[in-house]
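Please open the structure in a viewer and follow the stops below in order.

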Amino acid sequence: MRGNVAIVGYGRTPYSRLKPGEPVLTVDEYIAWAAELALESAGMSKSDFDGQGLGVSHAEVAHTVNWSAATAENLGISPNALIRGDQGGCSATSMLIRAAALIEAGIIDRALIVGADTPLSMPSIAPGLPLSPERTRGVYWDFQGPFGVMGATAQFALVLRRYMHEHDVSPEQLGKVAVTNRYHASLHPGAIYRKPFTLEDYLDSRMLSDPIRLFDCVPIVNGGLAYIVTSAESAKTITDRPVYMLGCGETNNFYCGSRVFPDVTVTGFSQSAPRAMEMAGVEHDDIDFLQPYDDYPFISMMTIEDWGFCKKGDGGKFIEERDLRFDGDFPLSTDGGQLSGGQPGGANGGFMPLVEGVAQLRGEAGDRQVKDASIGAVCGFGGIPYGRPGRSCISIILGSEA
Amino acid sequence: MNALPSKPLPEIPELTRPFWSAAREGRLVMQKCSSCGTVNFHPKPWCIECGDRDLVWTEMKQEGAVYSFTISHSVAMNYLGWQEELPVVMCLIDIDDGARMYAQLTDVAEQDIHVGMRVKAYFEPIGKEAGIPKFRPA
């Protein structure tokens with residue numbers, strides 16, 4: 001599949017924290033808005049997707065079980081193939097892989113992939129429990145909520161604490177990721193928080209679930225994103241700046257070691273990233289930037305390690321020694337990531353690394369443009385399994401040349 | 001909106017009832033695979049190692065070691081009844097000869113908590129049908 005498909009357009013709506021006076025849009029409106037931006041970016045129209053593919057990411061506020069088909073109805077598109085992204089932060093990248101396979105098989109030539117959510121507008125079943133009912137039911141939740149698990153931040157704090165037990169990493173090193181992301185957000189007009197902060201500000205931020213601080217966490221937003229993927233042949237007729245998928249790797253329900261007592265400090269990127277790089281035929285030195293799924297700074301660090309940019313356990317040192325800014329020697333989360341950009345629901349933050357990777361490789365990243373970027377690494381990271389960090393880990397290599 | 005309990009209560013289908021009933025009586029049980037001996041937790045529909053559906057609820061030792069811990073200073077994505085217990089010390093506990101589980105650690109000074117700490121279970125009732133295991137330093 002190397003180079004068989006390319007992304008030819010993308011869109012990211014402005015995000016909202018629902019400040020007083022801001023319009024309150026529905027998830028359907030965000031989907032249409034994101035799709036419109038992607039279509040404009042590609043110079044295409046919605047009718048180009050009749051008889052083709054439509055991919056739709058899960059939304060916490062999805063109002064029907066037939067979410068992808070209902071979205072087709074709402075958009076007035078009659079596709080021959082629907083793709084449903086239900087892998088949390090891996091949904092955007094998993095739909096890219098599925099679309100590439102459908103295109104490779106000749107079933108479709110192109111697909112419009114959309115995702116949006118309005119988690120801030122969701123009816124809550126309990127105060128302080130901003131979750132759709134489906135996320136509070138079943139054995140998985142019954143064996144967490146009643147035990148006192150305080151959501152994702154506590155779940156990830158347990159992973160970080162264990163990492164700190166096995167390896168050296170300092171709050172200053174993790175803070176550098178958060179500070180750099182905020183710096184990048186200051187250069188991205190669409191980021192939700194754009195005012196730079198210092199390492200001291202990070203260290204002074206409130207401890208939520210020790211060792212995770214407030215500035216380690218993503219702000220939840222309402223918003224939507226979309227992209228368009230086509231066969232490489234079609235891409236050349238649509239744009240002079242196609243961004244090719246050179247490699248992909250996917251790992252779901254990864255365990256490091258035994259399933260009963262796994263080592264939670266290693267993610268599925270340790271398997272999916274080498275596969276993506278092998279397919280693409282690239283080495284670490286060939287990669288011009290990394291867009292991790294930065295739900296927490298230490299996840300960016302573990303992603304760096306598990307991709308093999310440094311040895312396991314050296315991630316903190318690597319962060320300290322490298323310049324993570326867009327014009328540095330290891331550009332990381334050049335859009336500000338979700339940490340400063342915002343997370344438009346648990347299933348759609350994963351569009352952001354992909355969309356930013358495409359923007360960079362098309363030379364459309366404005367003030368944060370990585371100079372001469374031609375090969376980029378982007379990640380999806382989705383779902384929180386019981387006592388472990390990530391249910392799905394997808395690694396993608398993008399390139400401006402096939 | 002209906003009145004909510006101050007803390008979340010589990011639904012109790014037959015699959016998980018033995019765990020809750022045992023905890024109500026002060027016992028810790030987990031599913032042990034009759035074929036390969038793997039202890040499965042949280043409860044599974046078949047053995048996650050070998051796929052055998054014959055999982056037998058088996059009494060576990062009530063001791064283990066802290067695999068990791070976090071100290072939660074605010075309530076997020078949970079019911080506000082936890083507020084009065086803050087900070088909540090939440091752990092992953094490796095039960096001896098058992099499996100890993102989330103559980104609260106109580107009766108411990110924050111500065112004494114460490115990975116590898118030996119801990120012992122105790123049980124609190126939550127409703128008529130269920131109990132919940134918590135841990136204290138052994």
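In which loop of chain B does B:His42 lie? B:His42 belongs to the loop between β2 and β3 of chain B. Helices (H or I, at least four residues) and strands (E, at least two) are DSSP runs, numbered from the N terminus. Select the peptide bond from B:Phe41 to B:His42: it is cis, with omega near 0°.

A note on conventions is in order. This is a predicted model, in which local features need pLDDT of at least 70 and side-chain atom pairs count only at pLDDT 80 or more, while totals for chains, interfaces and linings use all residues. Residues are numbered from 1 along each chain as its sequence is written, and chains are lettered from A and ligands numbered from 1 in the order in which they are written.

**Chain B**

The C-alpha trace of chain B spans about 45 × 40 × 25 Å along its principal axes. Of the 138 residues, 39% count as buried; a residue is buried if 20 or more other C-beta atoms lie within 10 Å of its own, exposed if 12 or fewer, and partly exposed in between, with C-beta atoms placed from the backbone.

Next, select β1, β2 and β3 of chain B. They form an open sheet in the order β2-β1-β3, with antiparallel pairing; two strands pair if DSSP finds at least two bridges between them. In chain B, β2 (39–40) and β3 (55–59) stand at the edges, each with a single partner strand, so one side of each has no neighbour in the sheet. Strand β1 (residues 29–33) of chain B is joined to β3(B) by 5 bridges; B:Met30, for instance, has B:Thr58 as its bridge partner in β3(B).

**A buried strand in chain A**

Move to strand β10 (residues 375–382) of chain A. Here 8 of the 8 residues are buried, so the strand is largely enclosed by the rest of the structure. A:Ile375, A:Ala377, A:Cys379 and A:Phe381 point one way, and A:Gly376, A:Val378, A:Gly380 and A:Gly382 the other way. In β11(A), A:Ser392 is the bridge partner of A:Gly382.

**Backbone features in chain A**

Select A:Asp210 and A:Pro211, which are joined by a cis peptide bond with omega of about 10°. A:Pro211 lies in the loop between β5 (207–210) and β6 (212–213) of chain A.

Finally, compare two residues. A:Asn253, not a glycine, has a positive phi of about 50°; A:Asn253 is partly exposed, with 14 other C-beta atoms within 10 Å. A:Ser333 has a positive phi near 45°, and with 29 C-beta neighbours inside 10 Å it counts as buried.
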